[in-house]
Amino acid sequence: MTEPVKGPVSYFPSIEKKYGRPITEWKDLIRSSPLTKHMELVSWLKTEHGLGHGHASALVAHTLAEDSDK
C-alpha cells in the first residue's frame, strides 16, 4: 500500500483541474515574479490569477521550499 500524499503536493491535482494549468506552469509564474515573500506571492496569485488562498499558499510554499533546497 502506498503512503497518502501530504502537504502542499496534495493540492496539486485539484489545482490543475480547477485552474486548467499544469503545476510546472504555476511554478514558472511564481519564479518569474519579482515578488519574493510568501504572502506577497499568495496575494498576487489570488488577485492576478484568481486562485483561492489555500491553493495559492500550497503552490508558493512548495516552490519556495524547492528553490531553497538548490
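1. Trp 26 has a relative accessible area of 2% and is buried; buried means under 20% relative accessible area, exposed over 50%, and partly exposed in between, with a 1.4 Å probe and protein chains only.

2. On provenance: this is a predicted model, in which local features need pLDDT of at least 70 and side-chain atom pairs count only at pLDDT 80 or more, while totals for chains, interfaces and linings use all residues. Residues are numbered from 1 along each chain as its sequence is written, and side-chain values use heavy atoms, with hydrogens and water left out.

3. The protein has four helices and zero strands, in the order α-α-α-α along the sequence. Helices (H or I, at least four residues) and strands (E, at least two) are DSSP runs, numbered from the N terminus. The radius of gyration is 12 Å, close to the 11 Å that the globule rule gives for 70 residues, so the protein is as compact as a globular protein of that length. That radius is taken over C-alpha atoms, and the globule rule is 2.2 Å times the number of residues to the power 0.38. Along the principal axes, the C-alpha atoms fill a box of roughly 40 × 30 × 20 Å.

4. Of the 70 residues, 30% count as buried. The protein exposes about 4600 Å², of which carbon and sulfur atoms supply 56%; accessible areas come from the Shrake-Rupley method with a 1.4 Å probe, and for residues only the protein chains shown count as cover.

5. Among contacts (heavy atoms within 4.5 Å) with a separation of 6 or more, 48% are between residues 24 or more positions apart.

6. The protein carries 9 positive and 9 negative charges, whose mean positions are 5 Å apart. Lys and Arg count as positive and Asp and Glu as negative, with His and the chain ends not counted; each charge is placed at NZ of Lys, CZ of Arg, CG of Asp or CD of Glu.

7. Ile 30 lies in helix H2 and is buried at 4% relative accessibility. Not counting residues up to four places away in sequence, Ile 30 touches Leu 41, Trp 44, Leu 45, Leu 59, Val 60 and Thr 63. Leu 41 is eleven residues from Ile 30 in sequence, and their C-alpha atoms are 7.1 Å apart.

8. Leu 29 is also placed in helix H2. With the same exclusion of residues up to four places away, Leu 29 touches Arg 21, Trp 44 and His 49.

9. Ser 33 sits in the loop between helix H2 (23-32) and helix H3 (38-49). Ser 33 counts as buried, at 10% relative accessibility. Leaving aside neighbours within four places in sequence, Ser 33 contacts Leu 41 and Trp 44.

10. Met 39, in helix H3, is partly exposed, with a relative accessible area of 46%. Met 39 and His 53 are 14 residues apart in sequence and 10.0 Å apart C-alpha to C-alpha.
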